Each structure stands twice: as C-alpha cells, then as structure tokens.
Amino acid sequence: MIQVRALSKLYGKKPVVEDVTVDIQPRKITSFIGPNGAGKSTLLSMVSRLLDSDTGEVLIDKFDVKKMKSNEFAKKVSILKQSNYMNVRLTIRELVSFGRFPYSKGRLTEEDERIVDQSLDYMHLTEMQDSFLDELSGGQRQRAFIAMVIAQDTEYILLDEPLNNLDMKHSVQIMKILRRLVDELGKTVVIVLHDINFASVYSDRIVAMKDGKVVKDGPTEEIIQSDALKEIYDMDIPIQEIGSCRICVYFSS
Amino acid sequence: MRNSVKLLVLAFIAAGFCAIYLFHELNGSFGYALPKRTIKVLAMVLTGVTIAYATVVFQTITHNKILTPSIMGLDSLYLLLQTLIIFFLGSGHMIMVNKQVNFLISVVVMIVFALLLYKFLFKNGNQPIYFLLLVGIIVGTFFSSISTFFQVLIDPNEFQIVQDRMFASFNNINSDLVWLAIIIVSLVMIYAWRFLKYLDVLSLGRATAINLGVPYDSIVKKMLVIVAVFISISTALVGPITFFGLIVANLSYQFFKTYKHTTLITGAIFMSIIALVGGQWVVERIFTFSTTLSVIINFIGGVYFIYLLLKERKAA
C-alpha cells in the first residue's frame with residue numbers, strides 16, 4: 001500500500017500541494033482527477049521521487065520513500081511522465097530492455113530477454129520491435145513506454161496523463177491494458193486523468209484534488225455523482241447511465 | 001559492419017598512425033628522437049582520451065549534441081590566468097618558466113573555479129543544468145574580455161608569449177607533466193568506470209532515469225566534476241583545444257549509431273587519437289611546421305559545426 005502522510009510542496013511561497021494525506025489501495029486502479037493546477041502531477045512526482053517534498057512523508061509498504069535505495073525503489077515503483085523527450089535514437093526493443101536496468105544494470109540475462117519478450121507481446125509490439133521510436137505514432141510510442149514499465153516489473157505503476165494527445169481508439173486500448181495489468185497481474189495502478197469519463201469507466205477508486213488539497217476520496221460510484229463533481233469542478237454535470245457505464249455529460253453545462 | 005569490428009578497425013588505424021609518427025624518418029635516432037616523439041604521442045593520446053571522454057559525457061548530461069565543455073568557461077579562465085601572470089609578473093617569472101609549477105597552478109585554479117561554480121549553482125536545490133551553462137557562458141565571456149583588456153596593454157614582446165598559449169600545441173611538452181597527467185587521468189577513469197553504465201540511462205532524460213533507479217542528481221554532479229578535471233588537465237598540458245571534442249563526439253555518434261556509451265566513448269577516443277597524431281604528422285612532415293595543428297583542427301571543426309547546425313535545422 002502507498003500511504004501519503006501530510007505531504008506538502010511549495011513553489012516559492014505558493015503551496016501547490018498542501019497537507020495531502022491519502023492511502024492508495026493495492027491491486028486497484030486509482031484515478032487522480034481535478035482541474036488544471038490542482039497539484040495532481042506534483043503529488044505523483046513526489047510519490048515517485050522525481051521531486052522532493054517539503055514536508056510530510058510517503059510510505060510504500062511501510063517504508064519511507066526517502067530512505068529507500070534508488071535501485072530498490074525502482075524495483076517496486078515505476079513512473080511514466082507525460083512527455084518523454086529523448087536525445088538518442090532507440091528501437092522499441094532497446095527501450096523496453098531499459099526496463100530491466102534496475103535488475104541487470106545493462107547486461108541482460110536470458111531471463112531479462114524473456115521478460116522483455118513477454119512485455120512486448122503484452123503490448124502487441126512484437127512485430128514492430130525493431131522500429132525506431134521516432135518513426136512511431138503517439139499511441140505506439142505510449143505503448144512502447146508502457147511496455148518498458150511492464151518489463152520493469154514493479155508492484156506499483158504510476159502514470160501521469162498517459163492519454164494525452166491520444167485518439168479515442170488508442171486511449172481505450174491503453175485503459176484496457178491498464179485494467180488487465182490490475183486484474184491479471186495484480187499490479188497497483190495510479191493514474192492522473194483529465195477525462196472524467198475514462199476515470200468513471202475504468203477506475204476502482206477516485207481521488208479528486210483541487211487547489212493542492214484532496215477534496216474527495218472514495219470508490220468510483222461515490223465520486224461520479226453530480227453533487228460531488230459540482231464541488232470539484234464548479235460545474236453542474238448531469239450523469240447518464242449507458243449500459244453499465246456512468247457517463248458525465250459535461251459538454252454543455 | 002558490427003560495432004565491435006568498427007572499434008577494432010579504428011584501434012588498428014590509431015595504432016598505425018602512432019607507429020608511423022614514431023618511426024617514419026627516424027633514421028636510427030633511437031636515443032634522441034624516439035623518446036621525444038614518444039612523449040609527444042603520449043601527450044596526444046592523453047589529450048584525445050580526456051577531450052573525447054569529457055565531451056561525450058558532457059553532451060549526454062546536457063542532452064545536447066552541439067555543446068562542448070568549453071561553454072563552462074574553463075579555457076577562457078586558463079587564458080586569463082596566463083595573461084595575468086605575464087602582465088603582472090612578466091614572462092621571465094618562475095611561474096612562466098617552470099612548466100610544472102605553471103601546470104599545477106593552472107589545473108588547481110580551473111578545478112577550484114569549476115567546483116565553486118557547481119557549488120554555487122547546486123546550493124539551493126537542483127537548478128536546471130541550462131542555468132549552469134548560461135552562467136558558464138557569461139563568466140567565460142567576462143574572462144575573455146578581461147584577457148583582451150590586459151593583452152592590449154601588455155608589452156608586444158610579452159604578448160608573443162601570451163599568443164603562444166592561446167593555441168594548443170604539442171611541441172615542447174614537458175615529459176614529467178605528461179606522466180603526471182597520465183597518472184591523474186587513469187585514476188579518475190578507474191573511479192568513473194562504475195558510472196559508465198548509468199550514462200546510457202541518463203540519455204533517456206531525468207524522469208526516465210530516476211524511474212529506472214539511477215541516482216540522477218548525484219551522478220550528474222560527479223560526472224560534471226570529472227569533466228572539469230579532464231578539461232583542466234588537457235588545457236593546462238597543451239592549451240585550449242576543447243572545440244576538437246565536438247568533432248570526434250559527433251563523428252562517433254554518426255559512425256556507431258548506438259546509445260551505448262562504452263562504444264561511443266571508446267570510438268570517440270580512437271577517432272581523436274587518429275586526428276591528433278595523424279594531423280600532427282601532416283603538420284610536421286608535410287607542412288614542415290608552416291601551420292599548427294590547432295589551426296587545422298579549428299578550420300575543419302568549424303566547417304563540420306556549420307554542417308551539424310544545418311543538419312539539425314533540417315531535422316527539426
């Protein structure tokens with residue numbers, strides 16, 4: 001379990017994350033939603049050590065994140081950021097092989113190769129594994145990066161807006177894969193989302209943030225309610241049930 | 001051709017050039033010319049190693065393939081130091097005449113300057129690396145301006161000696177210094193060996209590198225210190241020649257097309273040995289010293305730099 005305890009981050013004097021305490025349940029998809037500038041990405045960056053927190057602590061399986069060794073941490077938690085600019089030209093397979101770095105330090109064993117094969121297969125990238133990343137579409141690139149994270153084989157997978165710039169088809173594809181990671185492989189997925197309908201349809205729990213604070217935290221059914229959403233977004237959002245999905249109709253409110 | 005084969009070919013060519021330089025027209029002068037030439041070859045190999053290593057590492061850290069470590073202002077500091085010594089103490093002073101003392105003072109001043117710069121910049125948390133580069137450019141320009149100011153005031157005869165220092169030269173290299181530099185560089189290389197594997201991951205960017213368990217900030221700081229040490233040593237030994245690294249690093253990227261730094265760095269090292277030893281041979285035996293190696297290097301390097309800029313512009 002990931003436990004965030006009274007975590008704060010200031011930029012200058014302005015708090016971007018303020019006294020956040022939240023528990024992330026294992027083997028579930030937890031979505032972070034909220035308006036722009038609510039501190040969702042900052043929170044995720046602090047949990048994954050990309051950013052130092054000013055006060056408070058993050059515990060992963062009861063261990064303080066700051067006291068863990070970089071390498072041990074990388075075997076437990078992986079993070080994928082929105083933009084992944086790179087200075088080198090890599091093939092998909094080379095990128096995915098980097099996922100094994102915490103284990104093999106660049107010298108891949110036979111087992112590493114096998115896990116890389118599996119990850120490529122899982123993301124349906126086996127046929128195109130020798131293509132270069134800069135020749136791929138946005139969706140394929142994103143899948144390649146997720147394959148790297150799968151090869152990293154961590155219990156916790158954190159994703160910062162993985163659906164950015166993706167079309168509907170690829171977004172659905174990625175969300176389905178994340179669902180499978182939780183249901184089939186027992187991973188814990190934490191994801192920052194902007195489209196609340198993806199959060200509604202695919203996640204088990206939702207944490208809503210606003211102005212650096214957690215305003216709602218609970219199972220998806222409890223958060224996807226007109227009154228709760230009003231509190232988060234200051235918008236009147238009617239909710240329609242279509243099939244088994246609860247869809248927020250926010251376009252004209 | 002596989003990369004290991006390419007490396008072997010390069011190593012062979014590099015060794016060949018060293019052999020030609022050492023033994024061509026030696027006329028049996030084993031006692032006099034050979035030891036002198038050996039020292040020169042060692043100095044060129046050492047310069048090649050330090051410049052190639054420092055440039056590739058620096059470009060990986062800054063995620064930029066058209067930067068050289070000279071942007072941190074170490075070469076300008078070296079020239080300023082030499083100018084000030086000659087201006088205030090005169091070219092006959094012990095610090096100018098005694099090469100060992102001059103070398104040690106130059107190296108210490110440059111490394112201390114680099115460490116102070118890093119310390120100042122990394123004091124409040126982790127400033128982005130581009131801030132370091134900007135400060136480096138400004139400080140470097142400042143140093144050059146002061147140097148020019150003093151060079152204008154200086155006695156014309158003394159200025160000749162300053163001018164000598166402005167261009168890298170492999171003639172008249174002190175053999176004790178070469179051995180000292182080789183020892184320091186080898187020790188640093190052994191220390192840095194275990195960080196080499198992290199460099200591959202560093203080129204994936206900060207977030208990905210941290211995600212993969214690389215202690216990013218501490219590795220970057222250590223590598224920057226190593227770059228400063230290497231640049232200081234090669235500059236104090238032969239003079240400012242950092243521009244040269246840009247050529248060999250980029251040739252190495254183009255030639256090997258890999259992300260593996262062990263290959264990239266080794267390749268760049270062999271290429272710089274080929275260029276330096278081969279170039280020096282051409283300068284000495286064909287041009288018979290009518291030009292200097294650094295002029296040729298700056299000319300070819302400048303042309304290649306413009307080509308790189310045009311190519312990058314097309315890709316963007």
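**Figure 1. Contacts and overall dimensions of chain A.** Among contacts in chain A between residues at least 6 apart in sequence, 64% join residues at least 24 apart; two residues are in contact if their C-beta atoms, placed from the backbone, lie within 7 Å. The model is predicted: local features need pLDDT of at least 70, side-chain atom pairs count only at pLDDT 80 or more, and totals for chains, interfaces and linings use all residues. Residues are numbered from 1 along each chain as its sequence is written, while chains are lettered from A and ligands numbered from 1 in the order in which they are written. Chain A contains 10 helices and 12 strands, where helices (H or I, at least four residues) and strands (E, at least two) are DSSP runs numbered from the N terminus. Along the principal axes, the C-alpha atoms of chain A fill a box of roughly 55 × 45 × 30 Å. The radius of gyration of chain A is 18 Å, which agrees with the value near 18 Å for a compact globule of 253 residues; the radius is taken over C-alpha atoms, and the globule rule is 2.2 Å times the number of residues to the power 0.38. Of the 253 residues in chain A, 39% are buried. A residue is buried if 20 or more other C-beta atoms lie within 10 Å of its own, exposed if 12 or fewer, and partly exposed in between, with C-beta atoms placed from the backbone.

Figure 2. Arg27(A) is not a glycine, yet has a positive phi of about 55 degrees. The loop that holds Arg27(A) runs between strand E2 (14–24) and strand E3 (29–33) of chain A. Arg27(A) counts as partly exposed because it has 14 C-beta neighbours inside 10 Å. His124(A), also not a glycine, has a positive phi of about 55 degrees. It sits in the loop between helix H5 (110–122) and helix H6 (138–152) of chain A. His124(A) has 13 C-beta neighbours inside 10 Å and therefore counts as partly exposed.

**Figure 3. The contact between chains A and B.** This contact takes 22 residues from chain A and 16 residues from chain B. On the side of chain A that touches chain B, at least two residues each come from helix H2 (70–74), strand E6 (77–80), helix H3 (92–98) and helix H4 (101–104) of chain A. H2(A) gives the most to that side, with 4 residues. The residues of the side of chain A that touches chain B comprise 11 nonpolar, 7 polar and 4 charged. Ala, Val, Leu, Ile, Met, Phe, Trp, Tyr, Cys and Pro count as nonpolar, Asp, Glu, Lys and Arg as charged, and the others, Gly among them, as polar.

**Figure 4. Thr55(B) in helix H2 of chain B.** Thr55(B) lies in helix H2 (residues 33–62) of chain B. Thr55(B) counts as buried because it has 31 C-beta neighbours inside 10 Å. Leaving aside neighbours within four places in sequence, the contacts of Thr55(B) are Thr68(B), Pro69(B), Gly245(B), Leu246(B) and Ala249(B). Val201(B) is 146 residues from Thr55(B) in sequence and 17 Å away in space, C-alpha to C-alpha.

**Figure 5. H2(B) against H13(B).** The axes of H2(B) and helix H13 (residues 261–286) of chain B come within 8 Å and cross at roughly 140 degrees. Axes are lines fitted to C-alpha atoms, for helices over the stretch in contact, and angles run from 0 to 180 degrees between N-to-C directions. H2(B) and H13(B) are therefore oblique to each other (under 35 degrees is roughly parallel, over 145 roughly antiparallel, 65 to 115 roughly perpendicular, and the rest oblique). The residues of the contact of H2(B) with H13(B) divide into 15 nonpolar, 6 polar and no charged.
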